[in-house]
Amino acid sequence: MTSTRGFRIARGVGLTLFAAYFMVPLLSMLDFSTRARGDEGRTFDAWRTLVENEDLREAIIASLLLAVLTVALMVVLLVPTMIWVRLRVPRVSRLVEFLCLLPLTIPALVIVVGISGVYAWVDYLIGDSALTLTFAYVVLVLPYAYRSIDSALSAIDVFTLAEAARSLGASWLTVIARIVLPNIMTGVLSAAFIAVALVLGEFTFASLLHFDTMPVALVQISKTDAKASVAGALASIILITLLLMVLSLLHRDRVTRTPGQES
Amino acid sequence: MLRSHRLAVSVAAVSLVLLAACAPPSDDGEESTTESGVSAAEATSVEDFGGMEGLVQAAEEEGELNVIALPRDWANYGELIDTFSEKYDIEVNEDQPTAASQDEINAANDLAGTDRAPDVFDLGQSVALANTDMFAPYKVATFDEIPDQYKDPNGAWANDYGGYMSIGYDSAKVPDVTSVSDLLDPAYKGSVALNGDPTQAGAAFSGVMMAAIANGGSADDIAPGVDFFGDLKKAGNFLPVDPDSATIESGQTPVVIDWDYLGAAAAKNVSTWKTVVPEEAVVAGYYFQAINADAPHPAAARLWQEFLYSDEGQNLWLKGGARPVRGDAMAEAGTIDQALWDALPEVGGEPVIPTNEQTEKAATYLAENWSQVIS
Amino acid sequence: MAVTEVTTPAPVAGTPPAPGAGLKIAVGSYVPLLPFFGFLLIFLIVPTVTVVVSAVQDGEGGFTLGNVRALTSDAAVNALWNSIILSGSTAIIGAVLGGLLSYLVVSLGPRSVIRRTAVSVCGVLAQFGGVTLAFAFISLLGFSGVLTEALRSWPGIDIWGSGWLFGLPGLIVVYCYFQIPLMVIVFTPALEGLRPQWREAATNLGATTAQYWRMVGFPLLTPAFLGSMLLLFANAFAAYATAAVLVSQGNPISPLFIRSALTSEILLGQRNLGFALALQMVVVVAIVMGAYALLLRRTARWMR
């Protein structure tokens with residue numbers, strides 16, 4: 001498409017307007033959370049509350065742990081299953097795909113309405129820690145994780161790698177963990193990233209099942225200390241953006257490596 | 001192949017649903033017994049503990065008390081909690097101070113069997129009367145001094161403190177309010193806030209009841225109240241924000257329909273805050289105190305009740321501007337804080353307290369009509 | 001669960017399998033899949049089936065259509081209608097503005113840094129719902145928000161009004177913030193599928209820009225555009241967290257009605273009404289997503 005000068009100017013203006021539209025609420029969060037009483041200068045008191053307030057601190061730690069556990073469970077559950085389906089039971093791949101994309105059609109709100117019976121059992125068998133939300137969160141993350149990992153798997157020749165490894169005597173565990181997994185790392189990493197973003201922002205399940213995660217705690221504290229809640233929300237955005245930058249750096253690393261160097 | 005897949009899945013699903021429908025065995029929890037072998041969860045009075053010392057000992061052994069939905073600036077609850085905590089060396093866990101009455105019941109249900117369930121409830125009328133099967137009967141030492149209409153004869157619940165529904169406003173921001181219908185004036189655009197959702201919170205329920213009575217309704221007929229708020233919304237005067245001390249201080253909610261004792265608390269932060277109980281609609285309301293039948297700390301819960309209904313506890317509530325339920329008896333006995341008791345505002349007109357049936361009827365009407373009027 | 005089927009074992013490199021061995025191969029292959037299927041069964045299938053079954057149950061477990069009938073009550077219909085308005089309006093606004101943004105971004109060319117940044121930023125923003133989004137807009141347009149105060153002090157305009165942010169109009173404004181990026185993510189592949197060769201061919205045949213778009217571009221993009229708009233609709237319809245944080249009075253939309261049906265037990269049977277409402281939500285979303293899938297298949301045909 002040849003771009004005329006006029007078009008390029010219009011495009012520049014358009015993109016700037018959009019960028020402003022998206023940046024303004026974020027900047028206002030920064031401004032709002034650092035306001036001092038009586039409009040006198042800036043203060044980071046609200047940010048300090050995030051660390052000093054005991055309930056908030058525990059909730060933030062719970063959310064971070066949940067993010068880690070969700071990524072771990074997702075990888076452990078999904079990656080071997082998808083590799084196995086590709087290699088040994090390709091017939092089931094349509095079913096797996098359908099099931100993994102099902103959470104896109106069944107709203108989270110509906111799942112949580114029906115899940116309280118299941119969670120009563122989870123509570124009885126495992127306990128009532130907020131970390132049991134991991135199970136629900138893995139379900140929510142499934143569609144995005146599936147797509148990421150599926151496209152990564154499609155890009156490499158899983159059959160040959162697996163056959164070669166098996167013929168050299170590798171167990172299935174070695175094939176999955178040490179042969180295939182490193183090659184689909186990009187897909188796994190982007191699935192992990194989406195999982196973290198989702199967990200840190202997830203409110204529906206946590207609030208309706210009465211668990212104290214970071215978003216729930218932020219809403220509670222917003223009734224007494226609005227600035228601290230806005231600071232907390234901004235902090236989670238910053239964290240996710242940092243993760244995104246790390247992810248794109250890693251991605252570029254892998255892409256620039258020549259094929260011969262792939263392990 | 002896929003067909004039998006699906007069949008298998010649906011069979012498994014249905015069977016699992018049936019299984020999940022049977023709830024897991026509930027954790028009865030450790031029975032908290034005193035040295036004399038009394039089960040604290042079944043104690044119905046302080047004698048069951050062998051006297052006050054026995055109760056204190058059992059409670060201090062438990063060491064903790066879970067309370068819920070008690071804002072620190074609501075009828076001086078902050079001082080009550082701190083005094084109790086220091087006096088008896090029991091740690092008080094304050095959960096969800098901004099929760100409504102319904103949230104207390106939900107928390108008790110969702111956290112049943114765990115250590116985090118609430119031990120005691122402080123509920124609005126409609127929610128309390130709908131959930132009496134969740135309360136453990138217990139008669140405090142001063143039970144006989146509570147007037148009959150303010151308690152359950154078996155001790156399942158008792159009123160603790162009360163007040164009148166009022167209109168609180170910042171006189172520096174809006175004109176003076178003398179009656180409920182004043183609020184429809186354009187001067188109050190975007191100013192009037194109701195404390196909560198009337199289908200969930202007792203204060204909001206009584207607020208709508210007050211509007212109903214002021215507009216020709218009665219305790220039997222809450223419809224004019226719902227219509228009033230509809231008109232308020234159409235006039236642009238209704239503010240869909242839950243008021244609290246922060247919003248009052250910042251000026252976000254210049255007019256608040258809430259209990260008169262909360263107006264007293266607001267006046268501490270905003271010197272120009274005034275509270276008015278409209279003469280044409282005097283709605284009185286007491287809150288209901290009860291012990292959770294599944295309380296994780298049953299002895300501490302009972303000690304808390306004893307504390308609240310003691311002279312000390314009742315006077316602390318009075319300090320928060322609320323009328324303690326034993327107020328009249330204490331005034332006669334001379335144990336009331338006379339200065340605070342006299343300082344309570346005079347209220348003209350006939351106070352209305354809806355009965356159980358009236359409350360249920362009103363709640364049904366609200367459930368069917370409130371949300372579309374206010375949205 | 002796969003023990004029963006052994007009809008056609010997987011072909012093994014041309015050699016016909018021994019009859020008895022077929023059973024072993026089939027079962028053995030499926031066992032490692034059990035954790036995955038079991039997990040999904042417990043945490044996804046069971047809740048969904050629970051919702052469907054409980055929607056037609058009354059308080060004691062007997063069959064009843066009362067809950068479904070309650071869906072026709074004024075309050076429920078009002079909430080559903082508002083949800084449709086909210087989802088529809090944000091879908092249209094999101095589709096139009098998002099489509100425009102996609103076009104601008106795609107026209108930068110595949111190698112552009114701005115483009116790649118824009119697409120990844122959109123990826124983050126599309127997930128950016130719920131609590132963080134609500135607080136962002138409260139900090140901007142709330143009573144003591146940055147923009148509210150700025151406009152209040154200098155030109156003296158009051159945008160706070162009667163707290164419109166915490167009602168349906170506020171939700172519409174806030175939802176667009178994640179609908180537009182979602183549109184960019186979903187629609188960009190369709191725009192990328194417009195091959196430059198077609199543009200060149202059209203120009204060679206004498207078409208003007210307007211004619212190209214009218215006769216080639218738009219007709220090709222319409223299924224993708226409509227499909228993306230449907231996806232935006234379903235996304236807004238099912239969204240809960242943002243509304244839950246912003247709205248505290250009344251139940252203007254269906255998801256909030258579900259919340260109050262679940263948490264309000266003053267009247268018996270309200271909980272089962274919640275299930276009926278959830279079922280209604282699943283049905284609506286399923287219909288919309290089904291239409292989306294159909295349109296996606298049409299688009300895929302010429303995108304290859």
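A polar contact is a pair of N or O atoms within 3.5 Å; within protein, one must be able to donate a hydrogen and the other to accept it, and residues adjacent in sequence count only if both atoms are side-chain atoms. The model is predicted, with local features requiring pLDDT of at least 70 and side-chain atom pairs pLDDT 80 or more, whereas totals for chains, interfaces and linings use all residues. Residues are numbered from 1 along each chain as its sequence is written, and side-chain values use heavy atoms, without hydrogens and water.

Contact (heavy atoms within 4.5 Å) takes 22 residues from domain 1 of chain B and 21 residues from domain 2 of chain B.

Between chain C and chain A, 68 residues of chain C contact 69 residues of chain A. The two chains bury about 5,900 Å², 81% of it on carbon and sulfur atoms; buried area is the accessible area (1.4 Å probe) that two parts lose on being put together, summed over both. Within chain C, Phe36(C), Phe43(C) and Phe135(C) lose the most area to chain A, together 12% of what that side buries. Five residue pairs are in polar contact across this interface (both at pLDDT 80 or more).

Methods: Chains are lettered from A and ligands numbered from 1 in the order in which they are written.
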